[in-house]
Amino acid sequence: MDNLLWLIPALPLVGAMLLILIGNLLPKTYVAIIGVGSITISAIVVLLTGYSFLSSPPEGGQLTQTLWVWFEVANFKPEITLYLDSLSLVFIFVITFIGALIHIYSAGFMAEDKDYSRFFACMNLFVFSMLILVLADNLLLLYLGWEGVGLCSYLLIGFWHESHANGYAARKAFIITRIGDTAMAIGLFILFYQFGTLSINGILQSAPNLWPVGSAIATATALLLLAGGAGKSAQLPLQTWLPDAMAGPSPVSALIHAATMVTAGVYLIARMHVIFELSPAAQMTVAVIGAATLFIAGFSALTQHDIKRVLAYSTISQIGYMFLALGVGAYSAAIFHFMIHAFFKALLFLAAGAVIEALHHEHSMFRMGGLKDKLPVVFWTFLIGCASLAALPLISSGFYSKDQILWYSWAAEGGDAILWVLALSGAFITAAYTTRMMILTFWGESKTEIGHKPGKLMTIPLVVLAFFALFAGFIELPHNFGHFTLFSDLLHPVLPETRLGESETNEWIFQLVAATVTLGGISLAYYFYYKQPQRLSNLRSSGAFNRIYDFWLSGWGFDKIYDTLIVKPVVYLANINRRDIIDQIYNAITSGTTALYRLLSFTQSGSLRWYVMGLIVGAILILTIQIML
Amino acid sequence: MNAISTNMVMLLAAILFILGIAGVVVRKNIIFMLLSVEIMLNAAGLAFVAAGARWAQADGQVMFIFILAMAAAEVSVGLALILQVYHQHKSLDIDKLREMNG
Amino acid sequence: MILVWLILILMGGGLLAFMLGQWNKSLPRWIALFTLFAGFLGLLSLWIEQYRFTNTWLVNYKTEWIPSFGITFHLAIDGLSLILLTLTFFIGILSILSSWSDIRDRVGFYHFNLLWILAGISGVFMAMDLFLFYFFWEVMLIPMYFLIGIWGSENRVYAAYKFFIFTQASGLLMLLAILGLYFIHGNNTGTFTYNYFELLGTVIPEGTANWLIAGFLIAFIVKLPLIPFHSWLPDAHSEAPTAGSLILAALLLKTGAYGIMRFALPLFPQAAINFAPWLMLLGVLGIIYGAILAYAQTDLKRLVAYTSVSHMGFVVVGIFAFSELALQGVVMQLITHAISTGALFVIAGILKERLHTRDISAMGGFWQQMPKLGVLSMVFTMASLGLPGLGNFIAELLILLGAFRSNLWITIFATAGLVFSAIYSLRIMQKVFFGPKAGSAPISDLNWRELSILTSLTIVIIWLGVYPQPVIHTAKPMVKYIENIFSGDASAVKNNKLLYQMKTAEQPNKKETYVSK
């Protein structure tokens, strides 16, 4: 089956090319068939490849397929080579499988849109880029995918381009992630000069021999890569683009800004974990960034009005968990949470999209409500997604993935009590904002009439995703009960096992605390939003509370800081220099010359007497000088 | 023939030359200015002849012939131009003819 | 002889177009197109042929011109010249097509100028005699002056003068430097010659060498242009007709980079090393300064012109890094910048033809009416911001990778330029194609001619992005040669010179005549 590897990215690429070239000429049905079909076949190929990969593991646990040599200069010879191991297998499975479901959903969701083919072209192109990103054998090819997903994200955020706000959000996303990408590019330069190659395996194998643990260059490289990851994965301090990115259609948010692209940073760090392990400082930074992000984003999610912005902040926060896990060395836990998160967050976005469409593009949760009986399928699937997001103990898959991270954040070698406290309070807030979202959207009285209900094309993906959001967690059970480790065993050849710290810790207590905190968060939101809503209004009348509320609503003021410190000064400088100060220097030279010639031409009076006098005076002067010298 | 000292002739040439310059500068009428220029030319010619005689070289006289020829050519062209100027402007006053200013 | 023919058919075609233009308006277009096609096909045959030889020099033609002053008519091409010549003819064809319906006034003279510019450029890329080089350098200047001055837009005379004075003044300094080199070499060896190969390795006192290279460099960096000598470019670009902007951006700027690589570096290696850090600094300043200015412009063509300043900064950084990676990147950048920026000028021209304005605040929301142009513009703005998969990425990557070792901090700032390029590139798309629709007049999408111009450029830029190896292979001997000059000690220069000359002299199995003195 290994010779089919190239088909996996090629199919979406062909789909995208077809749609770009002739998409405008085709009727919508054919567009949908090409767009959805390419991804679906690709997903089937992934399943086949995955089956053969698992049933008869290839030598060394990896498949490679070289397509062609990209270029060859001096000793630099990047190839277009696809590389499959269990880590990339997990990723391509999530990308194509969830991708296919989201494409099916989009066929229904976008049915009324006039730019149907453009949408599917961009989506297919995105899946292609994302697959290249995770299948790349060298960092340069990875970078190609990395930038490619950025482009598609830009195109899709600004998909409804008539509105200026959408265009602004799209550019913001592209430029902020570009800042991270640029840092990452510098990281690649260092890697190239240190190792003479950008091949991932080559680097990972020779890094421990070349760099001592804790060396400055390892730290610098790891931090640069981290900057790239933080940009793409919307982590501090580059997280501000993601909430605005919700301007795109809901399937886009589900696929790009929840399930796949934003987890590219997680993939990068997991892939390059050897470099991070060589630098404890950088690894600590990863954990701290993760913990801080999950904490900050959680509070912001608690105050948002727009249902999609809640989900956006929640995504930032959940990726924070993944970074935290990576930072403490719990790689498989991070990847596990990535997979589970992809299921439930895609589900939540799709369901939210269904709600929004049913309510005539109403985004504000405060104008929703009472949808429990009107949209039963959406309600139940959304509920399952919320349970998973809130990590409802035992029955939701989110519990199993997040519990691992909570435990490791203390118990693993790189763990720390402070990280654990942050993660735990994050779990508390997560439960609270999830419940708040659920109650505001589905309970209470109806505030907006619903338009048309979602069709089969939209509900089937919801049900499938709900199934996975509920049960996917059972492939990896905690050590103390079940000790079923299918997932981490799969990843074991690629990612090292998590090393536990010195101190003895009892996992039961941690699970109990986590469960309690989750239930506490749920009941808090239940109390304020369902039982006693007027208490909240009383609280909101106090000034201090409102200030904090607005502070969180604005995402801790990051946008404002960046705006005043960076954006405005640069734009101001650019605008006052529009006419190019250097050009003004040349203009000054020309006007100086012009002034001089006007002065000289004044002496050409046309009067013959004047010239003769000039002649004589000149002659006398010369003679005098001659005589005097 | 009494030998006249070269210095005296040079002095005469200088006086003539200065007279010519003064004529060019103070006269208003172009014809008089042209005449003054002629005087200057002849002053220079006189100086050449004197210098030729002083060193017993023919060059000075050759130069004088040149100057003579040139002066004749110059006067003919100059007078023709003056004629044209008079036709155009009905005046030969140099202070009124100042069109060619920058 | 093929090299002489390349120039002759351009000049002859130009004269023919001029004469026949009196009688018929469309005939000059066809003549120009046919001429360029013929040359293009001839060059393609050389591409295939080059794989048969391992020679540095593919074709060589030399005959006496003015022997008493040591001036020869010496044309020769290696891989670098071949690449740039092919580019010249390719862009030439597109420039004829892009002005097909635009120019209605004095069609014959227009195409005469166009072909003579191209002849001058081709000559610059081939001349191996410094006097001849200077001759061609001037040949490309004067028709360009006419092109801007006659067929430009409102402020054309100002722009044409500015262009002329900048390039002419800097060219004269180069002439002085050429003469200086000529006399120094003559006094050293007794042979007074302008021949490039004989002048290579001339022993020059370091102080003098600094002055001489400065003379060469000033001409070249004004052409590139490098800040602070860039200010002619936005005016010339924005006022020139579409074909003029295309040729300016895609070809004329490249002659500067070519000149540095061909003449300034090999002739004065030590002096080049002395100047390198300063020029790299100017290059990186240009990258960022050009990008910021591009962001602030409201005139679409001016905007694109400033992006050229930014991109050419990369070229300077790459050249003066003196490494094979960076130099290959420079060669790539010359081509990809020609393609992507050329395409953006064509797009600006297309929009201007429809809207009669270049002001981007009068544009917006054109995606709905011009989806084809929208998609193609997206490709080229993405190329301009260095998206992987398109040629510009390879170029910028190689330049930065190559420069990284020679100057860490400059490279880091140059890399930061990528962020700025994203900012201005996305602004183009937003202002022109996205947002609410500007104006109510219906605008037609591309016709077959415009579509074929942009499609061919798109194919090339994607091809260069996914498989640039043919270009890299072709440029390799020249790039290696420059790298060798700077990698080793001074004796490497001398050996290289010998090697270079020997290879020139060999010329196996070639029909070309090699007339020696």
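The questions and answers below concern a predicted model.

Colleague: Between which chains are the most contacts found, among the two pairs that touch?

Modeller: Chain B and chain C can be set aside, since they do not touch and their nearest C-alpha atoms are 23 Å apart. Between chain B and chain A, 10 residues of chain B are in contact with 10 residues of chain A, and the side of chain B involved has five nonpolar, two polar and three charged residues. In the other pair, 38 residues of chain A are in contact with 41 residues of chain C. The most contacts among the two touching pairs are therefore, with two residues counted as in contact when their C-beta atoms lie within 7 Å, those between chains A and C.

Colleague: Which element of chain A gives the most to the side that touches chain C?

Modeller: On that side of chain A, at least two residues each are supplied by β1 (63-69), α5 (139-157), α6 (164-195), α24 (558-576) and α25 (581-601). By class, the side has 21 nonpolar, nine polar and eight charged residues. The element that gives the most, with 13 residues, is α6(A).

Colleague: How far apart are the centres of domain 1 and domain 2 of chain A?

Modeller: Chain A is divided into domain 1, covering 287-531, and domain 2, covering 579-628. Taken over C-alpha atoms, the separation of the two domain centres is 83 Å.

Colleague: In the hairpin formed by β1(C) and β2(C), which residue in the turn has a positive phi?

Modeller: Strand β1 (residues 57-66) and strand β2 (residues 71-78) of chain C pair in the antiparallel sense over eight bridges, and C:K62 stands opposite C:H74 in β2(C). Four residues lie between the strands, and the one in the turn with a positive phi, of about 75°, is C:G70.

Colleague: Why does the end-to-end distance of α16 (residues 391-406) of chain C agree with its number of residues?

Modeller: Helix α16(C) is mostly covered, with 14 of its 16 residues buried. At 1.5 Å a residue, the 16 residues should span 22 Å, so the distance between the end C-alpha atoms can be checked against that figure, and it agrees at 24 Å.

Colleague: Is A:A391 buried or exposed?

Modeller: A:A391 is found in the loop between α16 (376-390) and α17 (397-411) of chain A, and its phi is near 60°, a positive value in a residue other than glycine. Because 29 C-beta neighbours lie inside 10 Å, A:A391 counts as buried.

Terms used: Residues numbered from 1 in each chain as written. Chains lettered and ligands numbered in written order. Predicted model: local features only at pLDDT ≥ 70, side-chain atom pairs only at ≥ 80, totals over all residues. Nonpolar A, V, L, I, M, F, W, Y, C, P; charged D, E, K, R; others polar. Pairing = 2+ DSSP bridges. Domains from an automatic or database assignment. Expected span 1.5 Å × (residues − 1). Buried ≥ 20, exposed ≤ 12 C-beta atoms within 10 Å, placed from the backbone.
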